[in-house]
Amino acid sequence: MDITGASAILTGGASGLGAATVKRLAEKGARVVIFDLEKQTARGKSLADEVGGVFCAVDVTSTDDIIAGVDTAKEIAPLRVLVNCAGIGWAGRTIGKDGQYESAFNIDMFKLVMSINLVGTFDCIRLAATAMSQTEPLADGERGSIVNTASVAPSTARSVSARTRRPRAVSST
Ligand SMILES: NC(=O)c1ccc[n+]([C@@H]2O[C@H](COP(=O)([O-])OP(=O)(O)OC[C@H]3O[C@@H](n4cnc5c(N)ncnc54)[C@H](O)[C@@H]3O)[C@@H](O)[C@H]2O)c1
């Protein structure tokens, strides 16, 4: 897709994979709009200035933030690209070493990761796609593209049976 002059949203664009993608899309002629947390404003603005883009303080767990950011992107140029890189990682054992409920995976961390990596990503998809649906199609009929980043970890995870020992049964004798 020719993205010259199109608006491109990068979630998590102030750092890591997102920041690298910001530079790549800007080189290809897109007007990049960086979505990242307020605490990343200094890094995000500096990168946005470097590539002629815009930084928006957007927490992807906030629908209101996302709508405000998408509206900003639409005002700059037709929105045709969304790349989702905002996310956090949290690795841990599903079953604790002592086999007790208390040491099982931290469920609050699991919920936090899901709220950002899964729900936040989908909220950005549905709202950016809605904005893209209102743009004029390009010559080939395409209006825009959405790219989501993921980890290879789920496909390389080792099986529970191979990695864990069954907790010892409590003897009553
Ligand atoms: N780098 C890798 O090799 C790798 C491998 C597998 C998976 N991942 C996953 O890909 C994602 C990006 O990785 P990265 O290395 O670029 O990480 P990173 O920490 O450098 O960048 C993530 C960015 O997302 C932002 N962010 C976090 N929560 C946010 C929220 N609620 N709203 C908006 N922005 C938010 C952070 O502020 C940060 O700028 C992460 O979820 C990471 O777990 C990375």
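Strand E4 (residues 79-84) and strand E5 pair in the parallel sense over 4 bridges; two strands count as paired if DSSP finds at least two bridges between them. Helices (H or I, at least four residues) and strands (E, at least two) are DSSP runs, numbered from the N terminus. This is a predicted model, in which local features need pLDDT of at least 70 and side-chain atom pairs count only at pLDDT 80 or more, while totals for chains, interfaces and linings use all residues. Residues are numbered from 1 along each chain as its sequence is written.

**The sheet**
- Strands of a sheet pair through backbone hydrogen bonds, either parallel or antiparallel.
- Here, 5 strands form an open sheet in the order E3-E2-E1-E4-E5, with parallel pairing.
- Strand E3 (54-57) and strand E5 (145-148) are the edge strands, each pairing on one side only.
- From one strand to the next, the twist averages 15°, where angles run from 0 to 180 degrees between N-to-C directions and axes are lines fitted to C-alpha atoms, for helices over the stretch in contact.
- Asn84 has Asn148, in E5, as its bridge partner.

**Helices against the sheet**
- Helix H1 lies across strand E1 (7-11), E2 and E4, and runs at about 170° to E1.
- Helix H4 packs on the sheet and touches E1, E4 and E5, its direction making about 170° with that of E4; contact requires C-beta atoms, placed from the backbone, within 7 Å.

**The nonpolar core**
- The largest nonpolar core has 35 residues, of which Ala8, Ile9 and Ile34 touch the most other members.
- Such a core is a set of buried Ala, Val, Leu, Ile, Met, Phe, Trp, Tyr and Cys residues joined through C-beta atoms within 7 Å.
- Among the contacts of Ile34, not counting residues up to four places away in sequence, are Leu10, Val22, Leu47 and Phe55.

**Ala42**
- Ala42 is found in helix H2 (residues 41-51).
- Ala42 is exposed because 10 other C-beta atoms lie within 10 Å; a residue is exposed at 12 or fewer, buried at 20 or more, and partly exposed in between, with C-beta atoms placed from the backbone.

**The ligand shell**
- Gly12, Ser15, Gly16, Gly87 and Gly89 come nearest among the 25 residues around the ligand, a residue being near if its C-beta atom, placed from the backbone, lies within 6 Å.
- Helix H1 (16-27), strand E2 (31-36) and helix H4 (107-133) each supply at least two residues of this shell.

Notes. Two residues are in contact if their C-beta atoms, placed from the backbone, lie within 7 Å.
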